[in-house]
Amino acid sequence: MNNKTTKICCTLALLASVAATPAFSQTKNFQGAMIGLGVNQTAATTGTTISSSANSVTLKYDNGDYSTVPFVDASYSIPLSNNFLLRVGGKYDFSKSKSGSISTDVTAAVGEAALNTDVDGDGNFVNKGTIREQIKLNYNYKDHYSIYVAPTFVLNNNSAFFGKIGWHTQKGTLKYTETYTFANNADNDGTYTNTSASASKTFEGWGYGLGYIHSFGNAYVQLDAEFMDYDKKSFTSNNVTYSFKPESLSASISVGYKF
């Protein structure tokens with residue numbers, strides 16, 4: 001009786017294990033720890049507002065640039081059903097990304113410059129020829145990293161699609177220079193730097209993306225695209241307030257290994 005009971009229990013256990021195996025068989029190539037290396041092609045845009053409390057003038061700029069940035073991506077995937085996994089991971093960029101620069105160059109009669117500032121300090125703009133106003137803005141970002149959650153739908157044993165939502169942070173630097181050059185100026189010939197400022201801020205924001213991953217056993221290739229929207233940061237220098245807000249769109253390819 002004991003032998004029969006033992007055989008029955010063993011048979012039931014074997015059948016249960018066989019029956020349970022197909023339930024998650026499609027996800028097995030995507031389960032567990034994964035690490036990959038890849039490159040982002042990033043289009044970064046920075047909206048900038050410059051406000052002067054001295055003369056109540058506000059200037060607005062919007063500019064961007066492209067960067068190719070290498071990264072490392074590590075994650076862990078937990079199967080939820082035969083077709084779904086929940087993937088949790090982090091990503092770090094190895095180099096800076098650019099958001100371009102702006103350069104304006106305007107020549108006008110004195111008193112008609114964009115900021116209308118008494119540069120030489122004598123309180124009088126009358127009959128002083130022309131003034132050339134040059135404004136330069138430069139941006140770059142570094143130390144970008146993110147943590148994310150990626151619900152994943154498995155199509156078959158080797159391919160899957162995923163959505164992604166992540167929390168991003170990066171350090172951004174803005175450099176601003178404004179230079180006036182006078183012509184036909186009897187009192188003050190030459191070049192005057194009216195404003196020069198530089199500041200770094202840490203930006204945080206959310207990212208939203210979609211992607212595809214293809215498994216080759218323990219190796220994999222991944223393609224994904226992501227939009228990142230960061231908060232606005234400001235700093236004040238010489239009665240001028242600078243506010244800048246970055247956004248970026250990236251497309252990436254990576255290769256990796258599943259442990």
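View 1. About 40 Å³ of space lies in the second largest cavity. A cavity is a set of points on a 1 Å grid over the protein atoms alone where a 1.4 Å probe fits but cannot get out; a volume is the space filled by probe spheres set on the points, which are joined across faces, edges and corners. Its lining residues (an atom within 4 Å of a point) are Phe30, Met34, Ser77, Arg87, Thr152 and Ile213. By class they comprise three nonpolar, two polar and one charged, where Ala, Val, Leu, Ile, Met, Phe, Trp, Tyr, Cys and Pro count as nonpolar, Asp, Glu, Lys and Arg as charged, and the others, Gly among them, as polar. The model is predicted: local features need pLDDT of at least 70 and side-chain atom pairs pLDDT 80 or more, whereas totals for chains, interfaces and linings use all residues. Residues are numbered from 1 along each chain as its sequence is written, and side-chain values use heavy atoms, without hydrogens and water.

**View 2. The largest cavity.** The structure holds three cavities of 30 Å³ or more, and the largest has a volume of about 170 Å³. Thr42, Asp93, Ser97, His144 and Gln170 are the closest to its centre among 22 lining residues. Six of the lining residues are nonpolar, nine polar and seven charged. Strands (DSSP runs of E, at least two residues, numbered from the N terminus) that each supply at least two lining residues include E1 (32–52) and E10 (240–258).

**View 3. Backbone at Asp143.** Asp143, in strand E5, has a positive phi of about 55 degrees although it is not a glycine.

Conventions:
1 Å grid on protein atoms, 1.4 Å probe; cavity = no way out; pocket = protein on both sides within 12 Å on 5 of 7 lines; lining within 4 Å. Helix = DSSP H or I, 4+ residues; strand = E, 2+ residues; numbered from the N terminus.
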